[in-house]
Amino acid sequence: MWKNRLNYALIMLVLLILLVLFSKPFLLAILLLLAAVALLLALFTWHDAESIRTSVSIQSGGREGSETPMTFCFASKKRLLAARSILVEMEAYNEMFCETAQKRMLFALSDTENEYTVSVPLVWCGKVTFRCTAIHIQDIFGLFRMQVAPFQEVCTVIYPHLLRLSTELSDTTIGTTRNDGLMQNRKGSDPSEMFDIREYIPGDDVRTIHWKLSGKTDQLIVRQPSDPSHYNIALLPDFGRIHQGKTASQAELNAAVALSAAIAEQLVLRGVPFCTVLPEKDGVRLYEIRNAYEFHTLLPQWLSFPIQENAGSGLQYFMMEHLDQRFTRLLLFCAGKYEQDLYELDQRIGVLVLHTSEAVTDVRIERNGSCEMMEFPTEQAANEVYRVVC
């Protein structure tokens, strides 16, 4: 505002100097007329800036790789006298990847109600907040610019792109049969108390099948014995912006998020409870996922968590808190080629590393002791379906 006032003062000073230098009546009259017009134009522009109100709306969610509409509304209770355009400067901040993008847009003003819809490309996964950094109106000649009250920030959640995959459960997850018929690696296998029912999963003890209910539903239903407060599977998104001294690419990070979400959703669809371990600044936070509602509640919350600066710190916290003693299977997700040493976890917990890389075009599998690695390309080929043994 002070910068605008200084501009007005300089214009008036120049006009006064011209009046002194050129004292001819005809020229003097023209200069006075121009000065009066400029003054009125400045007052009218200020009047419009005080009366105009701005607002922005955007869809609450979108899919990475697509576009979403954003609507700008510029309204004035009074008729606009001089303003003919409005300049919007805004920034989009991705809370998951801490990325900021700047944008400037110029819109025409023609009436008391002006509405414009633009398409916003959804480049990064995660929660994105759109903030107004500056907004000004300009008169018809572009001589004067007045600041307008900024609009309130709006947010949207950009969900990862969809992957086509199928999941199966490994022996480490479903357990192996003991002499007494129970599963040695399954927690909560006390058949004396029924906690819940769910669809049969290959490897379940046949004695837990609810035959009467299965006959009514035409599918095998098993009794869930006791409360499974400690789950067999832990999902750990352990990717960061820097991996092994190299900056992970946008494609690798987006693909890692998509892979994590797809595996989690497949486990939910199979009725397999699991625990998501989300790295934080000084540790990890655990979220138990037992059904689709808990998964869809956690997903947008996870997409607003800032990822680690350096990949691998999540695994360090996992071992420091001895979480390998609570689970029989760890699914570890990362972006970029995985080269960290998993020797400390060998034979203590089954580990499946799922990492994404721009350097490959098809899925690669490696095995080292009880640890298995699957490397995925950042783009899934058409009609390809990934098969993952969890």
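Me: Is Phe74 buried or exposed here?
Reply: Buried: in this predicted model Phe74 has a relative accessible area of 1%.

Me: And what about Phe72, buried or exposed?
Reply: Phe72 counts as buried too, at 0% relative accessibility.

Me: How many aromatic pairs does the structure hold?
Reply: Eight. One of them is Phe72 with Phe74: the ring centres are 6.4 Å apart and the planes sit at 20 degrees, so that pair is stacked, the cut-off being under 30 degrees.

Me: OK, and Phe74 with Phe107, what are the distance and angle there?
Reply: The centres of Phe74 and Phe107 are 5.6 Å apart with the planes at 45 degrees, so this pair is tilted. It also links distant parts of the chain: Phe74 belongs to strand β3 (residues 67–76) and Phe107 to strand β5 (residues 99–108), 33 residues apart. Both Phe74 and Phe107 are buried.

Me: Which residues form the aromatic cluster?
Reply: Phe72, Phe74, Phe107, Tyr116 and Phe151 form one cluster.

Me: How many bridges join β3 to β6?
Reply: Nine, with the two strands running antiparallel. As an example, Ala75 has Glu113 in β6 as its bridge partner.

Notes. Residues are numbered from 1 along each chain as its sequence is written. This is a predicted model: local features need pLDDT of at least 70, side-chain atom pairs count only at pLDDT 80 or more; totals for chains, interfaces and linings use all residues. Side-chain values use heavy atoms; hydrogens and water are left out. Rings of Phe, Tyr and Trp (its six-membered ring) pair if their centres lie within 6.5 Å; planes under 30 degrees apart count as stacked, over 60 as edge-to-face and the rest as tilted. Buried means under 20% relative accessible area, exposed over 50%, partly exposed in between (1.4 Å probe, protein chains only). Helices (H or I, at least four residues) and strands (E, at least two) are DSSP runs, numbered from the N terminus. Two strands pair if DSSP finds at least two bridges between them.
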